[in-house]
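Please keep the structure open while reading.

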Amino acid sequence: MILETKYLDLLAQKYDCEAKVVTEIINLKAILNLPKGTEHFVSDLHGEYQAFQHVLRNGSGRVKEKIRDIFSGVIYDREIDELAALVYYPEDKLKLIKHNYDTKASLNDWYKETINRMIKLVSYCSSKYTRSKLRKALPSQFAYITEELLYKTEEAANKEQYYSKIVDQIIALGQADKLITGLAYSTQRLVVDHLHVVGDIYDRGPQPDQIMEELINYHSVDIQWGNHDVLWIGAYSGSKVCLANIIRICARYDNLDIIEDVYGINLRPLLNLAEKYYDDNPSFRPKADENRPEDEIKQITKIHQAIAMIQFKLESPIIKRRPNFNMEERLLLEKIDYDKNEITLHGKTYQLENTCFATVNPEQPDQLLEEEAEVIDKLLFSVQHSEKLGRHMNFMMKKGSLYLKYNGNLLIHGCIPVDENGNMETMMIEDKPYAGRELLDVFERFLREAFAHPEETDDLATDMVWYLWTGEHSSLFGKRAMTTFERYFIKEKETHKEKKNPYYYLREDEATCRNILKEFGLNPDHGHIINGHTPVKEIEGEDPIKANGKMIVIDGGFSKAYQSTTGIAGYTLLYNSYGMQLVAHKHFNSKAEVLSTGTDVLTVKRLVDKELERKKVKETNVGEELLKEVAILERLREYRYMK
């Protein structure tokens, strides 16, 4: 009671009269009855910044949809495409357009017409927002002027010259480009109220850092960590084996520039080690650009081998000290007959090829050479002192979680570990069983603990982060074992298969999905599970909408490495007050193509779920918070002003 009184007294300093309290209550209750904003879901970006940026700028087709709503039948389709491209890339499109006008008068006419269209577009896109929220979205230097133009009415004949003069002066003072650019970015912001990134920003693609910068500057976003994101978090948190994995993956996909040039991590000690012990090896050649010089490819190949062997050695001590991880079968360096160059797995013996065991002591195969230990220590020091990586990882932790319950839906990158009957799988951690939501909660607790104590490099929390990458009960991995070693060294592909958790076929079953929603305290009649992680092979007829609409999988292959097998370039999902729509994307070629053609690289939208009644803010997570604020303000009014 004393604490509540002190809190109310502090709050009264902001609301120092009853009128202010009442005004805010009225404002919040009015907001609760607005239509809910549009949510935009993306997943498995894998460093493909250019494609992601385009999807973000066009709102998965929302921008052009709004333009068509206003201007279809009023202007030509070609002009609609031109206006859409201007909204997506205003600076670049303005340069192209201005180049086409040979007189100042004709350009000024275009400016007047375009500013008028942009004002109409912003007005239409802001129809379900309050004026204060709209004001925050407007270009700051033109906020007052833009508001004047936005709230112009058709009946305002007395002020027609006033409005006309505003536009004329903007053009005369050379501010038209800045205003149009600002309105374009306002439109982008208004068509999407909130962005969900359902995992895997990192690895494979070339520019995950630029995706992170884009997200840091985005107006409203959350992240559900993917398995690749957790690797990077783990490396920054002190996990040497996670660090070895990210460098190995970057070497495999010819992305070491991300490590060295973007995040400033010195790879020279690793290269020196690689040059000393390793040679060319076909199993470790990177997926390199065909124009990369041969000597550079060989360098990357050597680095790839050096870090892979360090990784395999670092895995063994964790497996041995954590028997509850149940990974003894992955002590592969100990299963090798180094004289015969053979390995026995599951009772069958295989010949090894393209081996690189120069640093392995057959008597103690998991023992790092002194040079290897020194290299990984230097790399870890460099990682943990990278200012840019630190900023990105801190943002990832601030905005991220393993799963998210949002507006009645469950967002999760990977899976909920279940057995063949759909029951939640149990994992023993510190002699206590965990399953379902409890298991994911304890995983997240350990991950946050590891991040908070990066100086601890072999504690349970740090080991658990690596388990999230590769363990059988991990909600992010979702397989029984990771066969990285087998793919490098064993020809027989039967050893390469990674058996998936039953979740991945049971998620086709509506009853299973409904049980999972119940496990997380969500209404199975209205909720959905929104998944990433596993590319949907549309080319083979796989449907991303499963279990009678209860499950939606939105990893369709942003990563170019997957597009040949998926047949598309990613799915995204839109959820507005009318319902959900799934959007499939074609391969994104270039910004230049969009600027010249206005192409949105979209296919037909598919309705997932239609709201019977238009959903309002009061039915959302934001609405729950606003209702709490209203309750506090009403308590303040009662306590302070109605005695």
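By the rule of a Lys or Arg side-chain nitrogen within 4 Å of an Asp or Glu carboxyl oxygen, the count comes to 42 salt bridges. The model is predicted. Side chains of opposite charge can pair when their charged atoms come close.

One of these pairs is arginine 292 with aspartate 254, whose side chains meet at 2.9 Å, N to O. The pair links distant parts of the chain, 38 residues apart. Arginine 292 sits in the loop between helix H16 (268-277) and helix H17 (294-321). Aspartate 254 lies in the loop between helix H14 (240-252) and helix H15 (256-262).

**Helix packing**

Two packed helices are described by the angle between their axes and the distance between the axes.

| Helix pair | Angle | Axis distance |
|---|---|---|
| H6 (90-99) and H11 (176-191) | about 140° | 9 Å |
| H20 (436-452) and H21 (460-470) | about 120° | 8 Å |
| H14 and H18 (370-384) | roughly 85° | within 10 Å |

Take H6 and H11. H6 brings Pro90, Glu91, Leu94 and Lys98 to the contact. H11 brings Asp177, Ile180, Thr181, Ala184 and Tyr185. By class, these residues divide into 5 nonpolar, 1 polar and 3 charged.

H20 and H21 pack at about 120°, with their axes 8 Å apart. That angle makes H20 oblique to H21. H20 passes H21 in a left-handed crossing. On the H20 side, the contact uses Phe443, Phe446, Leu447, Glu449 and Ala450. On the H21 side, Leu460, Ala461, Thr462, Met464, Val465, Tyr467 and Leu468 meet them. The contact has 10 nonpolar, 1 polar and 1 charged residues.

How do H14 and H18 cross? Their axes come within 10 Å and cross at roughly 85°. H14 is therefore roughly perpendicular to H18. Lys240, Leu243 and Ile247 represent H14 in the contact. They meet Ile376, Asp377, Leu379, Leu380 and Val383 of H18. The contact of H14 with H18 holds 6 nonpolar, no polar and 2 charged residues.

Strands S4, S5 and S6 form an open sheet in the order S4-S5-S6, and the pairing is antiparallel. Strand S4 (336-337) and strand S6 (348-351) are the edges, each pairing on one side only.

S5 (residues 342-345) pairs with S6 over 4 bridges, in the antiparallel sense.

**The five-stranded sheet**

What is the strand order in the sheet of 5 strands? The order is S8-S9-S12-S14-S13. This sheet is open, and its pairing is mixed. Its edge strands are S8 (403-406) and S13 (545-546), each of which pairs on one side only.

Strand S12 (residues 529-531) and strand S14 (residues 551-553) run parallel and are joined by 3 bridges. Asparagine 531 stands opposite valine 553 in S14. Helix H24 (residues 510-519) packs on the sheet. H24 touches strand S9 (409-412), S12 and S14. The direction of H24 makes about 100° with that of S12.

Technical notes: Residues numbered from 1 in each chain as written. Predicted model: local features only at pLDDT ≥ 70, side-chain atom pairs only at ≥ 80, totals over all residues. Heavy atoms only, no water. Axes fitted to C-alpha atoms, helices over the stretch in contact; angles between N-to-C directions. Helix = DSSP H or I, 4+ residues; strand = E, 2+ residues; numbered from the N terminus. Contact = heavy atoms within 4.5 Å. Nonpolar A, V, L, I, M, F, W, Y, C, P; charged D, E, K, R; others polar. Pairing = 2+ DSSP bridges. Parallel < 35°, antiparallel > 145°, perpendicular 65-115°, else oblique. Left-handed = near helix turned anticlockwise from the far one by under 90°.
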